[in-house]
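I opened the structure today and kept short notes. Each entry says what I looked up and what I found.

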Amino acid sequence: MRIFNCAILLLLLCFYCLVPTVLADEVTQKQLKEIGQLWQTSAHALAEVNCSSCHQDEQTKQLIAHPTEESCRSCHEYAVDTFWLGKHGIRLYEGMSPLTPAMAHLPMKESALDKQMTCNTCHNVHSVNTSVAAVDSCLTCHNDSHSLNYKDSPHAQTVTNLASLPRPDNQAVTCATCHLPRTSEAKEILVNHNNTYTLLPRDRMVKEVCMNCHGLEHAYNSIFDDELIENNFARPPNLKLETFDLVRALEKKRSSKASLN
C-alpha cells in the first residue's frame, strides 16, 4: 500500500508539473485525485504507463491536454487500426467528427445520443477496466432487443460465474467476445476492434467466433435464426439447415460405396 501511495503522489506531482493554467481551470483537485485513484490499480500503472506517457509530447515535451487515439496507438496499434475500420471509428479515420449514437440506425438510449465514439468512450483510459468495456460500455448506448436480452442469456451467465476476475476470462462470453474477437499472435493477445467485421456476412462469425466454443451445425443453425439472435441465444436453435442433411446423406452414400469395394 505504501508503494501505491508513493506512486499516486508521484503521479499527481507529475501531472501538476504538466498542467498549464488553462488546463488547471478545467481539472479540479478532486478530479485529479479521482484520476490518480483510478490509475493506481489499473493495467497502465502495472505497466508503468504514467501521466506523461499519454499527456506529454515525446519530442517537444509539451503538454497534450486531450490525448487522441494516436496516443493510444503508440502502444495499442492493432486495436486502434482495427477500431478505425469499424463503424465506431471510421469517421475519425476519414478525418470527420466522431460517430455519435444519434447517427446510428439501430435503437440507441436517449441518454447516450451525444456520446462521441473514441477509445475513451468504452475504455476509461485512467481505469482501463476491460470488464466494463466488454459489456457495460456497449449497453450504455445500445437499446435494441439483441443487446437488451444479453444479460438474460446463457452467454451472460458465463460472465456472472467469473465476475470476480479483473478482466473477462477466456471462458466468459461478453459482447466483446463475439463482436471484438480476440486472436493470438506470437504469444500476444490481440483484440479486433472493428466492431462490424463479423456482422456481415453472418457466416463470417461462425468461423471467427462461434466455432471457438460450438460445433459447425449448431453455429450455422443459430446464426441464421433471426428470432434466436433477437433474444440473444437464450435457447437452442430451432432452425435446421438442409445443407447438413445433404452432407450427412452424401457421407452415408460414400461410406456404403467404400464398404462394397
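How many salt bridges does a search of the whole structure find? I got seven. I counted a salt bridge where a side-chain nitrogen of Lys or Arg is within 4 Å of a carboxyl oxygen of Asp or Glu. Side chains of opposite charge can pair when their charged atoms come close.

**Entry: ground rules**

This is a predicted model, in which local features need pLDDT of at least 70, side-chain atom pairs count only at pLDDT 80 or more, and totals for chains, interfaces and linings use all residues. Residues are numbered from 1 along each chain as its sequence is written, and side-chain values use heavy atoms, with hydrogens and water left out.

**Entry: confidence**

I looked up pLDDT, the predictor's confidence in each residue, from 0 to 100. The protein chain has a mean pLDDT of 87. In that chain, 88% of the residues reach 70 or more. I then looked at the elements: helices (H or I, at least four residues) and strands (E, at least two) are DSSP runs, numbered from the N terminus. Helix α1 (residues 2-18) has the lowest mean pLDDT, 49. Helix α11 (residues 145-148) has the highest, 97. Over residues 1-6 the pLDDT is below 50. Beyond near neighbours in sequence, that stretch has two contacts in the model; contact means heavy atoms within 4.5 Å. Where pLDDT is low, the predicted coordinates should not be read in detail.

**Entry: salt bridges, one by one**

For each partner I checked the relative accessible area: buried is under 20%, exposed is over 50%, and partly exposed is in between (1.4 Å probe, protein chains only).

I began with Arg202 and Asp226, whose side chains meet at 2.8 Å, N to O. Arg202 lies in the loop between β2 and α14 and Asp226 in helix α16, so this pair ties together parts that are 24 residues apart in sequence. Arg202 is partly exposed at 29%. Asp226 is partly exposed too, at 49%.

Next I took Arg248 and Glu217, whose closest N and O atoms are 2.9 Å apart. Arg248 sits in helix α17 and Glu217 in helix α15 (residues 216-223), so the bridge ties together parts that are 31 residues apart in sequence. Arg248 is partly exposed at 42%. Glu217 is partly exposed at 26%.

Then I looked at Arg235 and Glu227, with their closest N and O atoms 3.8 Å apart. Arg235 is partly exposed at 22%, whereas Glu227 is exposed at 53%. I also noted a network: salt bridges that share partners join Arg73, Glu77 and Asp81.

**Entry: helix α7**

Which residues of α7 are buried? I listed Val80, Thr82, Phe83 and Trp84. Their cover includes α6 (69-73), α8 (90-93), α9 (119-122) and β2. Leu85 is also found in α7 (residues 77-85), but Leu85 is exposed at 51%.

**Entry: aromatic pairs**

I found three aromatic pairs. Rings of Phe, Tyr and Trp (its six-membered ring) pair if their centres lie within 6.5 Å; planes under 30 degrees apart count as stacked, over 60 as edge-to-face and the rest as tilted. Trp84 and Tyr93 have ring centres 5.9 Å apart and planes at 40°, so the pair is tilted. Trp84 is buried at 9%, whereas Tyr93 is partly exposed at 49%. Tyr220 and Phe224 are stacked, with 6.1 Å centre to centre and 10° between the planes. Ring pairs link Tyr220, Phe224 and Phe244 into a cluster.

Most residues other than glycine have a negative phi, and most peptide bonds are trans. I looked for exceptions. A cis peptide bond joins Leu200 and Pro201, with omega about -10°. Pro201 lies in the loop between β2 (188-191) and α14 (203-208). Glu48 has a positive phi of about 60°. Glu48 is in the loop between α4 (43-46) and α5 (51-55) and is exposed at 69%. Phe233 has a positive phi near 60°, and lies in the loop between α16 (226-230) and α17 (242-260).

**Entry: Pro237**

Is Pro237 buried or exposed? Pro237 is buried, at 15%. Pro237 is found in the loop between α16 and α17. The C-alpha atoms of Pro237 and His218 are separated by 7.3 Å, although these residues are 19 apart along the chain. Not counting residues up to four places away in sequence, Pro237 touches His218, Asn221, Ser222, Asp225 and Leu228.
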